[in-house]
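Take a look at the structure below.

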Amino acid sequence: MFTYIDPTVRERLLAQGKLVRIDASGRVIGPDEELVAGEKAISVLGPIPLPIARSGRQFEVDWYASVRHTELSKVEELADELRQRDGQQSFAILASSMAVNSVLVVGDPAKWSNPLVRVHSSCLTGDVFGSARCECGPQFITALERIADDPEGGLLVYMSGHEGRGIGLWAKAATYVLQDAGEDTYQANRSLGLPDDSRDFSDAAALLRYFLNDRPFRLLTNNPKKITDLNNYGVRNITPVKHVIGVSAANRRYLTAKRDWGHQLDSDDLIIK
Ligand SMILES: [Zn+2]
């Protein structure tokens with residue numbers, strides 16, 4: 001594990017309890033425990049204090065990075081090979097292709113009884129560029145604000161492999177072209193022969209079970225399918241909390257398509273404020 005960083009660093013992190021492996025149910029897999037072939041194992045690295053400055057506010061969060069053990073093993077094999085050949089450039093490619101998810105923790109998990117949670121799907125155009133074609137950017141920052149302002153605090157799970165509801169950034173770019181030719185966000189996926197929503201929430205479920213220890217929580221979402229998916233991976237006691245923000249002329253049609261698809265949005269929610 002993490003041999004592509006440095007084995008001595010890995011040992012130090014393990015000794016400090018800053019690197020753990022968990023299974024699909026969020027249980028910690030002991031350092032000497034053999035991994036069962038085919039069973040999910042996720043490595044979690046943290047806490048890493050992360051001061052965040054966004055929208056004129058400061059947030060003090062603890063960041064945890066997480067990656068599937070199987071993917072990490074593949075990366076390690078590749079890393080060993082690359083180490084013997086050229087260096088920097090290949091490692092840059094390797095590192096960027098890893099599906100590393102993040103957990104941002106606000107407050108003290110030991111004190112939580114019903115924290116506020118957001119499971120956010122990565123969206124480069126919305127979260128980073130501030131594109132108004134979707135409402136991901138405002139949803140991300142408002143989720144962080146709501147969690148930080150909540151008496152209990154909570155956490156945000158940032159799913160890195162969820163770009164374009166799981167079809168990836170390249171295909172998402174293609175769906176934007178199709179949407180501009182008149183298709184809605186779901187039709188465009190189908191035109192490309194791709195599912196409406198192929199996001200995998202199993203890692204999010206394992207992380208929620210690890211961090212929440214099966215305590216009830218409130219989930220910022222308008223999407224009932226997200227709750228069903230998490231339920232299917234053993235996450236229980238979810239109270240949905242509506243999370244509508246960032247409605248604009250540029251994304252009203254997109255949000256209407258989401259409502260028609262099953263998102264819990266009322267006509268009032270789609271008024272541009
Ligand atoms: Zn988006």
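**From the surface to the core**

The accessible surface of this protein comes to about 13,700 Å². Carbon and sulfur atoms account for 54% of that area. Keep in mind that the model is predicted.

Charges come next. The protein carries 32 positive and 36 negative side chains. The centres of these two sets lie 4 Å apart.

Now consider the overall build. There are 11 helices and nine strands. The radius of gyration is 19 Å, close to the 19 Å that the globule rule gives for 273 residues, so the protein is as compact as a globular protein of that length. Its C-alpha atoms fill a box of roughly 55 × 45 × 40 Å, taken along the principal axes.

How do contacts link the chain? Take those between residues at least 6 apart in sequence: 67% of them join residues at least 24 apart.

Then go inside. Of the 273 residues, 47% count as buried. In soluble globular proteins, nonpolar side chains tend to be buried together.

The largest nonpolar core has 27 residues. Within this core, Val119, Leu155, Leu208 and Leu230 touch the most other members. Elements giving two or more residues to the core include the strands β1 (19-22), β3 (42-54) and β6 (116-121), along with the helix α10 (224-232). α9 gives the most, with seven residues.

Which residues does Leu208 contact, leaving aside its neighbours within four places in sequence? They are Val117, Val119, Leu155, Val157, Asn213, Phe217 and Leu230.

Definitions and conventions: Residues are numbered from 1 along each chain as its sequence is written. This is a predicted model: local features need pLDDT of at least 70, side-chain atom pairs count only at pLDDT 80 or more; totals for chains, interfaces and linings use all residues. Side-chain values use heavy atoms; hydrogens and water are left out. A nonpolar core is a set of buried Ala, Val, Leu, Ile, Met, Phe, Trp, Tyr and Cys residues joined through side-chain atoms within 4.5 Å. Buried means under 20% relative accessible area, exposed over 50%, partly exposed in between (1.4 Å probe, protein chains only). Helices (H or I, at least four residues) and strands (E, at least two) are DSSP runs, numbered from the N terminus. Contact means heavy atoms within 4.5 Å. The radius of gyration is taken over C-alpha atoms; the globule rule is 2.2 Å times the number of residues to the power 0.38. Accessible areas come from the Shrake-Rupley method with a 1.4 Å probe; for residues, only the protein chains shown count as cover. Lys and Arg count as positive and Asp and Glu as negative; His and the chain ends are not counted. The place of a charge is taken as NZ of Lys, CZ of Arg, CG of Asp or CD of Glu.
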